[in-house]
Amino acid sequence: MTSRELLYVKTVADERSISKAARKLFMAQPSLSQSIQRIEESVGTPLFNRASSGLTLTYAGERYYHMAVQVLKIYENFELEISDINNLKTGRIHLGVTNHLGALTLSDVLPRFRQLCPFVEIFVSEENSARLERMLLSGELDFAIMHTPPEPSAQPLIYYDVMDRDPFIIAMAPDHPLMKKAVKKDGYPYPVLDLRHLKKERFLMLHKEQRIRQITDEVLAKAEIPNPDVALTLRNFETAQLLAAQGMGVMLVPAQYSLIGTGNHEPARLSIPESYGAFWDLCTASLKNSFLSKADQLFIRLLKEQFSPGSV
């Protein structure tokens, strides 16, 4: 049975007349009469008693009528709810974000979004990039805030919408002998060191499932260092930089993640030549051709505004 059939039976019962119901439904009387007959045939019993005084409901008709009223009310409520969702009066967002990006992005965007949409529920999952991609593929997330993988095409079902680019830099001890080989160049924030000078160095690395490590491996391979000497593998990029500052090794780290103001343990920073493609892209990730609600779209727009040129 369809919502239209439910409406036909309800209207005929309310009007107690096929002709009056047909006028109210803006349809021809014969068409409505035939529709009622088909409904009765489909349920296998008459729904109306037909008398000269008008139509009245049979017992089966009364049960059908009460069900029709309830179901049509559910339809009406659902349409109202959809209207509220479309007008951002209610709704739900489930987004994912990597731990550090949460601090960089959500502290600015969430208060703005909450002010615009106070009744939209927000659920945040903080995971590493690999886990966020798996959650996207399983349908657990609407979208994720993360960095693109070294080869985005390796995830053909995920669309990466780039918002900002962050170059990688070298972190090492301020008194490291290689500091003397770094050269100041226009367009770079720090003195530039060719990565080939690092072939004999020991590296502080993050774990292989972490995106910083994946980018680092790709960049070092371009510098003909496919098997770097790894002094220590950690999960915390801040700890790794503190150790690099004390001469325990060198590491590659995104500029936005580099430590500043750590006193005696602050590492020196060197830029990497552009030819190595040492960078990663901040993006929102979602399933290709997936539906993003108006609330999702607004949140993403606020994110993009945060990273647009001239934003504070």
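Modeller: Start with a definition: buried means under 20% relative accessible area, exposed over 50%, and partly exposed in between, with a 1.4 Å probe and protein chains only. This is a predicted model, where local features need pLDDT of at least 70, side-chain atom pairs count only at pLDDT 80 or more, and totals for chains, interfaces and linings use all residues. Residues are numbered from 1 along each chain as its sequence is written, and side-chain values use heavy atoms, without hydrogens and water.

Colleague: How do I read phi at Glu 224?

Modeller: Most residues other than glycine have a negative phi. Glu 224 has a positive one, near 60°. Glu 224 sits in the loop between helix H7 (211-222) and strand E8 (229-234). Helices (H or I, at least four residues) and strands (E, at least two) are DSSP runs, numbered from the N terminus.

Colleague: Is Glu 224 buried or exposed?

Modeller: Exposed, at 57% relative accessibility.

Colleague: What is phi at Phe 26?

Modeller: Positive, about 60°, although Phe 26 is not a glycine. Phe 26 lies in the loop between helix H2 (18-25) and helix H3 (29-43). Phe 26 is exposed, with a relative accessible area of 79%.

Colleague: Which residues touch the most other members of the largest nonpolar core?

Modeller: A nonpolar core is a set of buried Ala, Val, Leu, Ile, Met, Phe, Trp, Tyr and Cys residues joined through side-chain atoms within 4.5 Å. The largest here has 57 residues; Leu 95, Phe 113, Ile 145, Ile 170, Leu 195, Leu 198 and Phe 299 touch the most other members. Helix H9 (residues 294-307) gives the most to this core, with 7 residues. Apart from this core lies another, of 19 residues, including Leu 6 and Tyr 64.
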